[in-house]
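Visitor: I'd like a close look at one part of this model, starting from a single pairing between strands. Could you walk me through it, and then show me what else is worth a look?

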Amino acid sequence: MPIRIPSAGTLLNSHDLLKALSGLWHHHSHTFQAMLRTRLGKSYIIVVNSGTTACYISLKAIAASRTSRREVVIPAYTAPSITLPIKKAGLIPRLCEVSLDTLNMDPARLEEAIGPNTLCVMPVHMFGLPCDMDAIRKALPDKEMIILEDAASSFGSKLGNRETGALGDIGFLSFNRGKNLSTLAGGCIATDETLMYEHMEREKQKLPVLGAIDQLKLWLKLVGLSAAVRPIGYTLLYELVKRFKYTELHTDFISFQFPDVLAGTGVSLLNRGDDIFRRRYENGRLLQEALDGVDGIRLARPVDEAYTAYNQFPLVIENPSRRDALVDEIYRRTGVETTTLYPDPLHRIYDLGYPADDDPFPDATYISHRLLLIPTHPLMKQKTLVRVADIIRSPGK
Ligand SMILES: *Cc1c(COP(=O)(O)O)cnc(C)c1O
């Protein structure tokens with residue numbers, strides 16, 4: 001049995017865990033918000049229990065500002081769970097084709113997705129790769145249209161010197177398991193728009209607050225997580241951890257205010273955020289260099305000025321059966337867990353009113369059947385990544 005290397009991981013040390021525990025009597029949420037405000041350079045930050053809740057509250061505020069419009073434009077290939085807050089806010093998801101070059105929403109295809117009923121556009125920085133925000137802004141027929149930026153999986157990525165999550169009118173991040181900086185669960189909203197902020201803050205105040213017992217339970221989970229992300233702990237705990245992995249589509253989500261126990265973890269982790277994000281960037285760059293030009297494999301082309309804190313490193317493998325063979329071989333020979341993620345584009349997972357016979361988003365479909373993700377988290381050793389790249393270049397050797 002090889003040592004398993006999980007696809008996601010942020011190492012929590014004993015200092016992080018103590019800081020988290022002190023959340024039972026300290027208001028770390030205020031500190032965490034202030035740190036995020038500085039980091040993102042935005043006037044207002046609101047922390048909540050998840051990226052999904054952050055998205056939901058943002059959409060409620062946007063919908064209240066333009067009551068007659070109902071459609072939210074999202075990329076055709078992305079996290080299926082994004083549709084939940086859209087629907088819960090009483091809105092309708094509309095899809096935009098993605099680009100095989102960038103793996104993100106294709107600005108050249110935005111026009112087709114936008115109509116008189118479009119409320120806002122929601123670009124998603126997939127895998128940490130920043131979208132071309134200027135091109136997206138330019139492609140909007142109505143320059144006043146709101147851009148809600150989904151930076152749930154791109155915390156730490158930048159365009160020039162501006163952080164993803166701070167590039168739209170409103171942006172949100174996630175601190176869930178598997179994200180670039182994980183406090184177990186959590187998310188935040190960032191904006192400079194005062195009226196929107198006031199609306200969102202009122203929505204947040206309505207959310208339930210977790211009591212001390214629930215927070216203590218979260219702390220125990222953090223302790224469990226700190227063991228479970230280490231390769232040895234992960235290998236031993238795998239059978240147990242497996243049950244906590246998302247295996248099916250969620251149909252609803254819960255919302256509550258961000259607990260101070262998790263905010264304490266956030267404060268502690270964000271103090272070394274630059275180090276965590278740089279490791280993700282460097283791991284991705286190593287893979288980019290090692291895999292550039294390999295036959296039958298497409299790499300995402302980062303947009304100009306992008307600094308990518310890779311959530312995971314994406315490859316599009318032209319032959320789907322080669323992809324499946326690589327997943328097995330990489331695990332067998334290195335213990336590294338790669339992922340293939342969402343098996344279908346959104347219009348094939350849900351009925352969103354698109355035709356079933358003629359595929360309106362062939363590139364999204366193409367990517368969903370061919371994607372392979374290699375972990376880039378700070379626990380990945382560069383030596384291991386070199387071995388993974390060697391296997392991809394010449395499998396079976
Ligand atoms: C994880 C994720 C979300 C949702 O964030 P949670 O904190 O898990 O609710 C939304 N969008 C994208 C792109 C994500 O990766």
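Visitor: Which residue in strand 3 is the bridge partner of Pro75?

Guide: Happy to. The partner of Pro75 in strand 3 is Cys96. Before going on, please keep in mind that this is a predicted model, with local features needing pLDDT of at least 70, side-chain atom pairs counting only at pLDDT 80 or more, and totals for chains, interfaces and linings using all residues. Residues are numbered from 1 along each chain as its sequence is written, and side-chain values use heavy atoms, with hydrogens and water left out.

Pro75 belongs to strand 2, which spans residues 71–75. Helices (H or I, at least four residues) and strands (E, at least two) are DSSP runs, numbered from the N terminus. Strand 2 runs parallel to strand 3, residues 92–96, with five bridges between them; two strands count as paired if DSSP finds at least two bridges.

Buried means under 20% relative accessible area, exposed over 50%, and partly exposed in between (1.4 Å probe, protein chains only).

For another view of strand pairing, turn to the open sheet of three strands, which has the order 7-6-11 and antiparallel pairing. Strand 7 (162–163) and strand 11 (306–307) are at its edges and have a single partner strand each, so one side of each lacks a neighbour in the sheet. Strand 6, residues 158–159, is joined to strand 11 by two bridges, and Lys158 stands across from Tyr307.

Now for the charged side chains. The whole structure contains 21 salt bridges, each being a side-chain nitrogen of Lys or Arg within 4 Å of a carboxyl oxygen of Asp or Glu. One of them joins Arg272 to Asp16, at 2.7 Å from N to O. Arg272 sits in the loop between helix 10 (260–271) and helix 11 (273–291), while Asp16 is in helix 1 (residues 14–21), so this pair ties together parts 256 residues apart in sequence. Asp16 is buried at 1% relative accessibility, whereas Arg272 is partly exposed at 26%.

Asp274 and Arg39 form another salt bridge, at 3.0 Å from N to O. With Asp274 in helix 11 and Arg39 in helix 2 (residues 28–40), the pair ties together parts that are 235 residues apart in sequence. Asp275, Arg278, Arg279 and Glu282 are linked in a salt-bridge network.

Leaving aside residues up to four places away in sequence, Ser268 touches His15, Asp16 and Lys19, where contact means heavy atoms within 4.5 Å. Ser268 is itself buried, at 5% relative accessibility.
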